Each structure stands twice: as structure tokens, then as C-alpha cells.
Amino acid sequence: MSGGYSPEEMMVVAAARRLRDGERVFVGVGLPNLACNLAKRLHAPGIEMIYESGVVGANPSRLPLSIGDPALALGARQVCSMFDVFALYLQRGLVDVGFLGAAQIDRWGNLNSTVIGAYDRPKVRMAGSGGAADIALLARRVFILLRHESRRFVESVDFITSPGHPGGPGSMAAQGRLGGGPEVVITDLGELGFDTSGEMVLTSLHPGVTVADVRARTGWDLRVAGDVATASPPSEEELSALRALDVGGLYL
Amino acid sequence: MSKLVSASEAVRAHVHDGDTVYLGGFTHLIPFALGHEMIRQGLRGLTLCRATPDLIYDQMIAAGCAAKVVFSWAGNPGVGLLHAFRRAVESGGVEVEEYTHFGLVARLRAAAMGLPFLPLRTNFATDLARANPEIRTVTCPYTGARMSTVPALVPDVAVLHVQRADAEGNAQLWGIRGEQQEAAFAARRVIVSAEEIVAERELRRDPDRVVVPGFLVSAVVHEPLGAHPSYAQGFYDRDNGFYLEWDAISRDPGRLSAWLDEWVLGLADRRAYAERLGAERVEALRRGAWVDEGEAAAAGGPAGGRPAGAKEGSR
């Protein structure tokens, strides 16, 4: 906790600020869920939250314990099957923003949530894609939310669970990607975008963070924008709304 | 014709060593009671398919039922990883065949529609498409676009837990619908377990909620609390304390084995399991049940409940 808010709170606030009113957002549980609910209570009441369990336009009365929580189903606009939410909503191109996290990320925004080590005999077997690769390929824009640690920001991921911009954005479209891929990586230190070659670039710092801090926790020679910005700290309104959502510290 | 049988009879008649099995339910209505019965009967060499293996497959893997797991997200939802699954994969003890969520449910959908595969706009440029030879590509004969394909998945047996069914197997399910309907239509045999068994005329009053017609169903089991510790909307909330506890239990093979002895192998059936849970714990979960508007009005007001303690999941 520094300056009255935690780095995780700053991360959620930064993600919420990027969401626009009326957008249809494919949400996971955890921090993305908090960011969406926060934006919905502040500047974007018309956000439509869509969950891979088939819930469209959720209006949950509690933070969901899992993505299939009945708290998501009740009061939702629609509940459909899992196949339908992927086919009729995501593949149909109706999802504006998808959120992803992962255990590893590289400079092209490739994400790994599958294995550490070799796929056939992994050192650590993790959960795998779930909907992550589907979201990375089919949502119009992808926001990546990650804690900024050098063991996560690596030169090369052990497995590409979901592709970022290898070979640049153009080559991905030629390979069949429908959506635009990762637009931003939001961490507890700042925000990173992607340049025209598809490489990650530091674009904004959270208050009190230096470029050196970010580079020290990135496993490659990170590119930095010439005009790197500094985000404004969470406002009183943002913080109190966020804390009212996360009663009991369920996620933060 | 009544197909009502006990869980033990249903599994003995319709699940065999080496079968490909699909236990349906996306975090909601997971058929734990029938899975436990498969453990009790010592089934071996099963190919266990589920989008989310969840605790039930972690338990079945630990009990030695599985030769292979077909899945798309193998975590403990809202908690972390599945440790018996993880150990089995890391040691090469089970084979895995992995898809994305869309890929896996599309496999069921293809089989449910009688198709050999479905084209999808996913999987491109992933290592999964390189690691799994079953994920292939096809050129669209109309547009020339390159599509990814997944093959139909035809389980020998699909198992569904639902809120209400009749004795013939007509099954009603509501709330999070998951992949249950696709699984049932994809499979060669279907076992339904239900919180309540009602008369056929009750179901015919509300046919929109029927996900599987009785004529596809081989056996029906009346199994109240059959989805515990997962949720059954309108009946009980998720036992989140248990999902959290499982993280510690499943990390320790000795503790896991003792848990299986105490909660599965040492018990005759689901009734004994519910008794061991205790009336107080069951009552608390029932009070926490999420009910829809119609049910709430009938019961005189909405039920609430906010089990505490879940931390951010791995995604």
C-alpha cells in the first residue's frame, strides 16, 4: 500500500478507465471482473458483461466465486449454452473487448497459461487455454492484465496458449485472426502497447514508478515510448467504488 | 417406462472399463454423486472428458479411474490448480488431449448434429494447434478462407445432473446451461441424475426447460445433493469452503487418499455422504441457494448467500 492505494487497485482502476460505455466485454473472474464492475458503476453503465459460461449482460449481486456462479445468471439479459456464447457472440464478432491473464508473456504479447517446461513432460502443468485462445483470436480488442514480474515477462514463453502479434499484426490477420489481438498490457507498474511491428512498448507509468523499475522487472530489453505518460492516481470516487465492490477483500 | 434405478445400478449397467465418459456441467450441476459411484465400483482405463475437469476428475484421477483426460481448462475454478491432475500429467501417468473451450464444446456440438467435424475461426498460431494433431485446418469451399477444425467427440456415456426429471428421463435444467445438452445428444448412452423426480405432466407444463428428451436416456437416478460441492441453482449454493479445502487436500497424495477412503470408498451411497456432511452444513448451503424470480416469488422472497473466501483464479 503506498499513497493510500495498492498497486493492484491502481491496475484495476487503469483497466476500468479504458472501457467505454456500451461495450460488450468478455470477462473472467478475478481482477477483470472487478475492472468491469467498476467501470459500470462509474463512467460506463451500459457495459454488457459476457461470461464464457453462457451469461450475457450479467448484473451480479455478488462477486462471482467462479465463472459459472448462479449469481451471474440471475438478473442477466440472457443465459445461453457455452457453445452459443462462443459461436453466436464471440465468433460472430459481437465482443468488443476480451480480458486475458497468464503465467508468462513475451515481447509480442504471446501468452502462456499451459505449461512451464516441455509440453509432453511439463515441469509445471497449469490450467491451459480455456477460452483464452478463442478470446485472443476473436475479440475485437484484447486487454491483458498481469502483475509485472521478471518471471512472467520473459524473452520467450514456454508455450503459446494464445497468440499476440508475432510477425506483426498484418501477418496474424492473414493467418485467420478475426479480431485485433492485444491492444494493451496493464500491470501494477504501468501500461504497455504494441508498435507497428507487433512489439511491446512501455507507454504509461503508474504514479511513483520509474522506467528503470519497469525495465528491472521485464525479461528483455524493453522498448520505451518517447513520450511515456504518467497515469493519474485513483480518485476518491474510483477507490471508494472499487472498495465497495470488493467487500471483504475477495480479490484485492 | 420407468428407468429409475440407484446410482450403483446405473453405473454397473452403463459404464464399463475403458469407456469414454463425459460428466457434464460448467461449474454448475456437476454430477459428483455418479462420479463417486464410478470410483466405488473401481472403474479403470476411462477416457474422462470435460471442458473443466474440476474436482470430480481430480478425484477420479487420484482414484486410478483415468487413462486419459480430454479437456480445455484444468483448474480449480476460482481457487487455483488441480493437483492430482497436475501430478498425473507431470509424471506421465495419464495421457492428455487438449482443446480450447470453443474447440471442446464444438466437438460435442459436431457429434450432437451428426457431423464428423466443425470448422472454427480459432486455434490459429497457437502451440496447442501444433501439439494436438486432432486440430486441423480446412479450406472453405465457398470463400476460400482457412478454417481450423475439431473432430466430433462421441462419448460412450454422458452423465448429467439436473434439477428435475421424470422417471422416463425427460430432464429439465435451468440457470447456467453449460454443455449438457450437446453432451447428451453427442453420446451413445445417457445417465441422468436429478434433485427431484416429478411426474411427466409437471415437465410438460414447462417444456422450454427440457434439455434432453427421455427417449435418449438410459437410466435415471434420484440423487438429492448429487452435485455437491458444486452448485444446483434453486437447490443449494456452491460449497466454496470445500473448493478451497481441496487445494490443500489434493496437494498431499496421502491426505487425498484418506479423503477418498472417508468420503467415497467408505460410504455406501449419496445418502450416507449427505449424512456425513451433516444437516447443519447442508442446511446452510440450501439457505444460500440462488433462486430465480419465479421460484423466489413462490417461496416468498429471494434467497441470498455470499460464501466468503475465494481468491483470484489463475485467470
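How close do the axes of helix α2 (residues 31-41) of chain A and α8(A) come, and at roughly what angle do they cross? They come within 10 Å and cross at roughly 125°. This is a predicted model.

**Chain A: α2 against α8**

- Angles from 65 to 115 degrees count as roughly perpendicular, and those over 145 as roughly antiparallel. α2(A) and α8(A) are therefore oblique to each other.
- The crossing of α2(A) and α8(A) has a hand: right-handed.
- From α2(A), the contact uses Leu34(A), Asn37(A), Leu38(A) and Arg41(A). They meet Glu238(A), Ala241(A), Leu242(A) and Leu245(A) of α8(A).
- Sorted by class, the residues of this contact are five nonpolar, one polar and two charged.

**Chain A: α1 against α8**

- Helix α1 (residues 7-18) of chain A also packs with helix α8 (residues 236-245) of chain A. Their angle is about 105°, and their axes lie 11 Å apart.
- That angle makes α1(A) roughly perpendicular to α8(A).
- On the α1(A) side are Glu9(A), Val12(A), Val13(A) and Arg17(A). On the α8(A) side are Glu238(A), Leu239(A), Leu242(A) and Arg243(A).
- The contact of α1(A) with α8(A) has four nonpolar and four charged residues, but no polar ones.
- Glu238(A) and Leu242(A) meet residues of α1(A), and Glu238(A) and Leu242(A) also meet residues of α2(A).

**Where chain A meets chain B**

- Chain A brings 63 residues to the contact, and chain B brings 61 residues.
- About 5100 Å² is buried between chain A and chain B. Carbon and sulfur atoms give 61% of that area.
- Which three residues supply more than any other three of the area that chain A buries against chain B? They are Leu65(A), Phe83(A) and Arg125(A), which supply 14% of that area.

**Chain B: a sheet of three strands**

- The sheet is open, has the strand order β7-β9-β8 (chain B), and pairs antiparallel.
- β7 (117-120) and β8 (136-139) of chain B are the edge strands, and each pairs on one side only.
- Direction ignored, neighbouring strands of this sheet are turned by 40° against each other on average.
- β7(B) runs antiparallel to strand β9 (residues 146-151) of chain B, and four bridges join them. In this sheet, Leu120(B) stands opposite Ser148(B) in β9(B).
- β8(B) is also joined to β9(B) by four bridges, and these strands run antiparallel. Here Val138(B) stands opposite Met147(B) in β9(B).
- β8(B) and β9(B) form a hairpin, with six residues between them. In the turn, Gly144(B) has a positive phi of about 80°.
- Helix α5 (residues 101-112) of chain B lies across β7 and β9 of chain B. α5(B) runs at about 140° to β7(B).

**Chain B: α3 against α9**

- Helix α3 (residues 54-62) of chain B packs with helix α9 (residues 240-251) of chain B. The angle is about 25°, and the axes are 11 Å apart.
- Is this pair roughly parallel or roughly antiparallel? The angle makes α3(B) roughly parallel to α9(B).
- α3(B) passes α9(B) in a left-handed crossing.
- α3(B) makes the contact with Asp54(B), Leu55(B), Asp58(B) and Gln59(B). α9(B) makes it with Phe242(B), Tyr243(B), Trp246(B) and Ser250(B).
- By class, the contact of α3(B) with α9(B) comes to four nonpolar, two polar and two charged residues.

Technical notes. Residues are numbered from 1 along each chain as its sequence is written. Chains are lettered from A and ligands numbered from 1 in the order in which they are written. This is a predicted model: local features need pLDDT of at least 70, side-chain atom pairs count only at pLDDT 80 or more; totals for chains, interfaces and linings use all residues. Side-chain values use heavy atoms; hydrogens and water are left out. Axes are lines fitted to C-alpha atoms, for helices over the stretch in contact, and angles run from 0 to 180 degrees between N-to-C directions. Helices (H or I, at least four residues) and strands (E, at least two) are DSSP runs, numbered from the N terminus. Angles under 35 degrees count as roughly parallel, over 145 as roughly antiparallel, 65 to 115 as roughly perpendicular and the rest as oblique. Contact means heavy atoms within 4.5 Å. Ala, Val, Leu, Ile, Met, Phe, Trp, Tyr, Cys and Pro count as nonpolar, Asp, Glu, Lys and Arg as charged, and the others, Gly among them, as polar. Two strands pair if DSSP finds at least two bridges between them. A crossing is left-handed if the near helix is turned anticlockwise from the far one by less than a right angle, and right-handed if clockwise. Buried area is the accessible area (1.4 Å probe) that two parts lose on being put together, summed over both.
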